[in-house]
Amino acid sequence: MTRSAPRAAFYRVYVDHGEGPVYFGLYTMVETMEDTVIRKQFEDDGGNLYKPDGPPASFAKGTYREASYCKKTNEDDGGYGDVRVLYDALHRRDLDPAQWRSGLEAAFDVDGFLCWLAVVTVEQNWDVYGNAAHNYYLYNDPTEDRLTWLPWDSNEFFRSAGNKEALPLSFDGVDGKWPLIRLLIDDEIYGARYREHVRAVAAEVYSPERMVPIFEEMHALVAPAVIGADGERVGYTCLDSAADFFASLPELIAHVHERACAVAEYLGEG
């Protein structure tokens, strides 16, 4: 079954303190993992859901701490065995590559993770695993009995930099502190599979032909709720001016074209 990110929608938010509704601006509402995401995307929503946070949630060798894998379901059940199984399988470097991959895939949806990595490196998001040990969930569907990586807090997508630089397509500079990236990308089979996902994401998902019409449609959709007579008000917006809003569309269009060129160069197809 193909997994996807949580669904989202735009909402105009009004608050009434007793003197009539006041427009608080345009918000993006995102469905929660604990409720609709695991219920709709998995056969069984009764498994363990974790929201990791903090340096030990990087899975780096010697850093495992249960407290960093906050449980969001089955909180009264103290077991963290599925996370420990993944951690141990990842670091079984005494095994030959085929045995190592077999053990890892029994504990973790590796291909789903590699697909997510390709999305992150093609589309760009600096606030993700590889730069910070947060903004992801892990879910163990009892019918599969292995952990699945679920992305979260994706508001920094389509940006090459923020507090840190976004992850490069080649993962140059990403070291062993991020073993879910480094060990998988350095593996011959997984590295090749990641490149296949990069090619597919760039061609089928984040291509200029697909994304430019989407950017234009969404920009036009939200415009009346952001600028103009019915738009956001001072104190209820993150925009400095309407010019910022208008500048955002060409910036997004330029970004998707830039990423197409970067992927072609990375794959040696430029």
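This is a predicted model: local features need pLDDT of at least 70, side-chain atom pairs count only at pLDDT 80 or more; totals for chains, interfaces and linings use all residues.
Contact here means heavy atoms within 4.5 Å. The biggest nonpolar core takes in 54 residues, and H4 supplies the largest share of them, eight residues.

**The cores**
- Phe 59, Phe 113 and Tyr 129 have the most contacts inside the largest core.
- Setting aside neighbours within four places in sequence, Phe 59 is in contact with Tyr 69, Val 83, Leu 86, Tyr 87, Leu 90, His 91, Tyr 129, Tyr 136, Leu 138, Pro 179 and Leu 180.
- Another core, of eight residues, sits apart from the largest one, with Met 33, Ile 38, Tyr 137 and Tyr 139 among them.

**H4 against H5**
- Helix H4 spans residues 110-123 and helix H5 residues 179-186; their axes come within 11 Å and cross at roughly 100 degrees.
- On the H4 side the contact is made by Val 110, Phe 113, Leu 114 and Leu 117, and H5 brings Leu 180, Ile 181, Leu 184 and Ile 185.
- By class, that makes eight nonpolar residues, with no polar and no charged ones.

**Tyr 194**
- You'll find Tyr 194 in helix H6, residues 188-205.
- Its relative accessible area is 1%, against a cut-off of under 20% for buried, so Tyr 194 is buried.
- Not counting residues up to four places away in sequence, Tyr 194 touches Leu 114, Leu 117, Ala 118, Thr 121, Leu 169, Phe 171, Ile 185 and Tyr 266.
- Tyr 194 and Val 234 are 40 residues apart in sequence, and 45 Å apart in space, C-alpha to C-alpha.

Definitions and conventions:
Residues are numbered from 1 along each chain as its sequence is written. Side-chain values use heavy atoms; hydrogens and water are left out. Axes are lines fitted to C-alpha atoms, for helices over the stretch in contact, and angles run from 0 to 180 degrees between N-to-C directions. Helices (H or I, at least four residues) and strands (E, at least two) are DSSP runs, numbered from the N terminus. Ala, Val, Leu, Ile, Met, Phe, Trp, Tyr, Cys and Pro count as nonpolar, Asp, Glu, Lys and Arg as charged, and the others, Gly among them, as polar. A nonpolar core is a set of buried Ala, Val, Leu, Ile, Met, Phe, Trp, Tyr and Cys residues joined through side-chain atoms within 4.5 Å. Buried means under 20% relative accessible area, exposed over 50%, partly exposed in between (1.4 Å probe, protein chains only).
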